[in-house]
Amino acid sequence: MLELIAIAFIIFLVLYIQQVVQQKYTDFVNQNSIALKKLLEINQRYVFYPYIDLNQTHTYDNEKFYDNISCSDYLIYQLQYLSPKVFDQVKKVDSNKQKYQNYLCEVETIQFGQFQCPIGKLKLDKLLNIEKNIVNKTVQTPVTQFNITVTLYCSKINGRIYDSKMQNFCVEEIFSFINRLKNKSGTFYNDRDIWNSLCRVERGKVSNKMRFSIYERDGYRCRRCGVSERYATLEIDHIIPISKGGKSTYENLQTLCRKCNYEKGNKRYY
Ligand SMILES: [Zn+2]
């Protein structure tokens, strides 16, 4: 037992001494490294734009919508509102990229192993290693590439997530979506695929949670014929259909029985 305690003590002592020595070297580098001083001076002259996260996430509590809506669909929908931010961020990232090249050229000229005072009993190779480590950690790594990651989750109505999908989009893909979104007549989009993506996402905005609160608001009755849920299947209807630019908002949603919804649907086409 005593032997074990002695061994533990020795291990502790060795680790402690190592730690003290390491700290001595680190302090020496921080105080005397000419490379580090030069790098800090370069860093002051290069101010990069910070990374702005435009990644998108959404949780669907309705499995049907989650299956139907792809990450591209979701991104296209969000780009209707996001594109000014995207352009701004792309410009900043490009500026970072140009500056970063010059920055790296300057950083490459840094010479290691020169110190403001004699190294005394310290070992040069150990100092060099520590100096390189500290310098590498101090080199700036600005964001020089723009992309957006879309993550969609599927949850139970109580919020418990049980599935997810993720896709990363590069700047070319994002710009292509933005250009296709520009092809517009009034409030309608001429690109069929873009329009379908937007409709799918708009439809998917009626979460189960929202659906139940609309039923509740409408007293669990059809807003056309007044039949109650006891005698008919109730559905959610977009008063102005999505295909005509209607949105999934509380004002544009109503409770209809399946029969009335079907009749309304038919009228739409004649
Ligand atoms: Zn009805």
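1. Asp237 is buried, at 2% relative accessibility, and this is a predicted model. The limit for calling a residue buried is under 20% relative accessible area. Lys264 also counts as buried, because its relative accessibility is 11%.

2. What does Asp237 pair with? Its partner is Lys264, in a salt bridge whose closest N and O atoms are 2.6 Å apart. Asp237 sits in strand E6 (residues 234-238) and Lys264 in helix H9 (residues 258-269), so this pair ties together parts that are 27 residues apart in sequence.

3. The structure holds 11 salt bridges in total. Another of them joins Glu41 and Arg45 through their side chains, with an N to O distance of 2.8 Å. Both residues belong to helix H2 (residues 34-45), where they are 4 residues apart, about one turn of the helix. Glu41 is partly exposed, at 35% relative accessibility. Arg45 falls in the partly exposed class too, with a relative accessible area of 45%.

4. Arg223 and Asp218 form a further salt bridge, and here the closest N and O atoms are 2.9 Å apart.

5. Tyr220 deserves a look at its backbone. The residue has a positive phi of about 55°, although it is not a glycine. Where is Tyr220 found? The residue is in the loop between helix H8 (208-217) and E6. With a relative accessible area of 32%, Tyr220 is partly exposed.

6. A nonpolar patch lies on the surface. Its members are Phe9, Ile10, Phe12, Leu13, Val14, Tyr16, Ile17, Val20 and Val21, and together they have about 840 Å² of accessible area. One of them, Tyr16, lies in helix H1 (residues 2-32). Tyr16 is partly exposed, because its relative accessible area of 49% does not reach the exposed class, which is over 50%.

7. The second largest pocket has a volume of about 200 Å³. Its lining is made of 14 residues, and those closest to the pocket centre are Gln80, Thr187, Trp195, Gly245 and Lys247. By class, 7 of the lining residues are nonpolar, 4 are polar and 3 are charged.

8. Which helices each supply at least two residues of that lining? They are helix H4 (71-108) and helix H7 (192-204). H7 gives the most to the lining of the second largest pocket, with 4 residues.

9. In checking the model, a reader could begin with the buried pair of Asp237 and Lys264, then turn to the positive phi of Tyr220 and the nonpolar surface patch that includes Tyr16.

Methods
Residues are numbered from 1 along each chain as its sequence is written. This is a predicted model: local features need pLDDT of at least 70, side-chain atom pairs count only at pLDDT 80 or more; totals for chains, interfaces and linings use all residues. Side-chain values use heavy atoms; hydrogens and water are left out. A salt bridge is a side-chain nitrogen of Lys or Arg within 4 Å of a carboxyl oxygen of Asp or Glu. Buried means under 20% relative accessible area, exposed over 50%, partly exposed in between (1.4 Å probe, protein chains only). Patches are made of residues with over 30% relative accessible area and no salt bridge: like charges are joined within 9 Å, nonpolar side chains (Val, Leu, Ile, Met, Phe, Trp, Tyr) within 5 Å. Accessible areas come from the Shrake-Rupley method with a 1.4 Å probe; for residues, only the protein chains shown count as cover. On a 1 Å grid over the protein atoms alone, a cavity is a set of points where a 1.4 Å probe fits but cannot get out, and a pocket is an open set with protein on both sides within 12 Å along at least five of seven lines; lining residues have an atom within 4 Å of a point. Grid points are joined across faces, edges and corners, and a volume is the space filled by probe spheres set on the points. Ala, Val, Leu, Ile, Met, Phe, Trp, Tyr, Cys and Pro count as nonpolar, Asp, Glu, Lys and Arg as charged, and the others, Gly among them, as polar.
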